[in-house]
Amino acid sequence: MDAPKPAEKPSPERFDEILVRLRSLVERLEGGNLPLEDGLRFFEEGMELCKRGAEILDRAEKRVEVLLSTAGGQPRTATFEVPDGSPRRPEGE
């Protein structure tokens, strides 16, 4: 008898929901004991979630640049403090 298939969950749209779902997928993949088909399906879903998460972060970065725009209309960047307290410079600097 085959194991029941997990119910399809709606795709998360918020960044924090995407992270929760990704963590869940990673735990299941790292736990092993998955049929190959399920592992591939989880991996594929994880890659799609990564892509959507990156798109959300890109949009957020653009919004921040607009908010930090100078009077001349040129966006500027600033050091971003990550939760561990260490400064993070924007890429390309």
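In this predicted model, the side chains of D16 and R14 meet in a salt bridge, with a nitrogen-to-oxygen distance of 3.1 Å. R14 is exposed, at a relative accessible area of 52%, whereas D16 is partly exposed, with a value of 38%. Side chains of opposite charge can pair in this way when their charged atoms come close.

A search of the whole structure finds 3 salt bridges, and another of them joins the side chains of E45 and R21, at 2.7 Å from N to O. Here E45 belongs to helix α2 while R21 belongs to helix α1, which spans residues 15–31, so the contact ties together parts that are 24 residues apart in sequence. R21 counts as buried, with 14% relative accessibility, and E45 counts as partly exposed, at 25%.

The pair D38 and R41 also forms a salt bridge between its side chains, at 2.9 Å from N to O. These two residues are 3 apart within helix α2, and are therefore separated by about one helical turn. D38 is buried, because its relative accessible area of 17% falls under the 20% limit, while R41, at 30%, counts as partly exposed.

There remains a group of like charges: E44, E48, E55, D58 and E61 form a negative surface patch. Of this group, E61 lies in helix α2, which covers residues 36–67, and E61 is partly exposed, with a relative accessible area of 43%. That value is over the 30% which a patch residue needs, and patch residues have no salt bridge.

Technical notes: Residues numbered from 1 in each chain as written. Predicted model: local features only at pLDDT ≥ 70, side-chain atom pairs only at ≥ 80, totals over all residues. Heavy atoms only, no water. Patch = residues over 30% accessible without salt bridge, like charges linked within 9 Å, V, L, I, M, F, W, Y side chains within 5 Å. Areas by Shrake-Rupley, 256 points an atom, 1.4 Å probe, with all protein chains shown as cover. Salt bridge = Lys/Arg side-chain N within 4 Å of Asp/Glu carboxyl O. Lys, Arg positive; Asp, Glu negative; His and termini not counted. Charge placed at Lys NZ, Arg CZ, Asp CG, Glu CD. Helix = DSSP H or I, 4+ residues; strand = E, 2+ residues; numbered from the N terminus. Buried < 20%, exposed > 50% of the residue type's maximum accessible area, 1.4 Å probe, protein only.
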